[in-house]
Amino acid sequence: MAKVSIGLRGWRFEEDDVFDDDGSLKTLVEMPPDTRSRILRLTALVGEPCDACYLEHGEANVAECNVGSIVYGEPTGTVLLCGPHESDFLYWYREEDGSDLAGEPELANAFQEWFADGGRAPAGYGGLEHVEEDRDELPDVSSGALDSLENELCAMDEAEREELDADVEDLDLDLDE
């Protein structure tokens with residue numbers, strides 16, 4: 001099984017957990033619960049500003065923020081970053097004991113507090129070297145494909161959404177309750 005990134009770098013998915021044999025996105029009910037939770041969180045994050053940029057520029061200047069392209073953490077505590085701020089997160093995680101919070105919802109808040117207090121990676125601190133092989137062979141998942149998941153959720157009744165046992169609060173769903 002191949003691992004793929006969808007929408008943002010960081011989280012990698014088993015291709016068979018997310019895509020049908022024909023390469024189309026599976027329905028939410030067909031995905032394993034952890035995969036479903038991460039995919040739904042990605043749906044809310046794609047197109048949002050980098051957390052670090054947002055802390056630097058604020059709501060009043062959100063247009064100056066880079067769009068996030070990398071996600072770290074768990075669905076309940078994600079850090080969304082742009083390329084230039086990834087090294088800040090990696091420095092905090094590796095050198096400032098951020099790894100103590102791996103898997104914890106508090107990871108995002110702790111990083112954001114460190115960054116807001118002036119924490120930064122030293123100049124030249126190395127990030128991760130991302131390897132992208134056979135980029136043309138990866139399934140094409142545009143934001144439109146992720147939007148289809150929101151449509152799927154809207155088409156479900158409340159009992160079906162509850163049965164998914166997934167947090168959809170961050171999604172801007174137009175639900176007829």
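Which residues in α4 meet which residues in α5? I looked this up first. On the α4 side I found H85, D88, F89, Y91, W92 and Y93, and they meet L107, A110, F111, W114 and F115 in α5. Contact here means heavy atoms within 4.5 Å. Helices (H or I, at least four residues) and strands (E, at least two) are DSSP runs, numbered from the N terminus.

**Ground rules.** I am working on a predicted model, in which local features need pLDDT of at least 70 and side-chain atom pairs count only at pLDDT 80 or more, while totals for chains, interfaces and linings use all residues. Residues are numbered from 1 along each chain as its sequence is written, and side-chain values use heavy atoms, with hydrogens and water left out.

**Helix α4.** I checked its length next. α4 covers residues 83–95, which is 13 residues. From first C-alpha to last it reaches 19 Å, close to the 18 Å expected at 1.5 Å a residue. The expected span is 1.5 Å times one less than the number of residues.

I then listed its buried residues: H85, E86, S87, D88, F89, L90, Y91 and W92. Buried means under 20% relative accessible area, exposed over 50%, and partly exposed in between (1.4 Å probe, protein chains only). Their cover includes β2, α3 (51–57), β3 (70–74), β4 and α5 (106–116).

How do the axes of α4 and α5 cross? They come within 11 Å and cross at roughly 110 degrees. That makes α4 roughly perpendicular to α5. Axes are lines fitted to C-alpha atoms, for helices over the stretch in contact, and angles run from 0 to 180 degrees between N-to-C directions. Angles under 35 degrees count as roughly parallel, over 145 as roughly antiparallel, 65 to 115 as roughly perpendicular and the rest as oblique.

**D97.** I stopped at this residue just after α4. D97 sits in the loop between α4 and α5. Its phi is near 65 degrees, a positive value in a residue other than glycine. Most residues other than glycine have a negative phi. Is D97 buried or exposed? D97 is exposed, because its relative accessible area is 53%.

**T78.** I placed T78 in strand β4 (residues 77–81). T78 counts as buried because its relative accessibility is 8%. Its side chain makes a polar contact of 2.9 Å with that of R41. Such a contact is a pair of N or O atoms within 3.5 Å; within protein, one must be able to donate a hydrogen and the other to accept it, and residues adjacent in sequence count only if both atoms are side-chain atoms. Beyond four places in sequence, T78 also has contacts that include W11, L45, D51 and Q112.

**Cores.** A nonpolar core is a set of buried Ala, Val, Leu, Ile, Met, Phe, Trp, Tyr and Cys residues joined through side-chain atoms within 4.5 Å. The largest has 21 residues, and I6, F13, V18, L28, M31, I39 and L42 touch the most other members. β1 (3–6), β2 (8–14), α2 (33–45) and α6 each give two or more residues to this core. α2 gives the most, with four residues. I followed L42: beyond four places in sequence, L42 touches I6, L8, W11, F13 and V71. A second, separate core of 20 residues includes C53, I70, A108 and W114.

**Last checks.** L153 lies in α6 (residues 143–155). L153 is buried, with a relative accessible area of 0%. Its C-alpha is 9.8 Å from that of T27, 126 residues apart along the chain. E14, in strand β2, is partly exposed at 22%.
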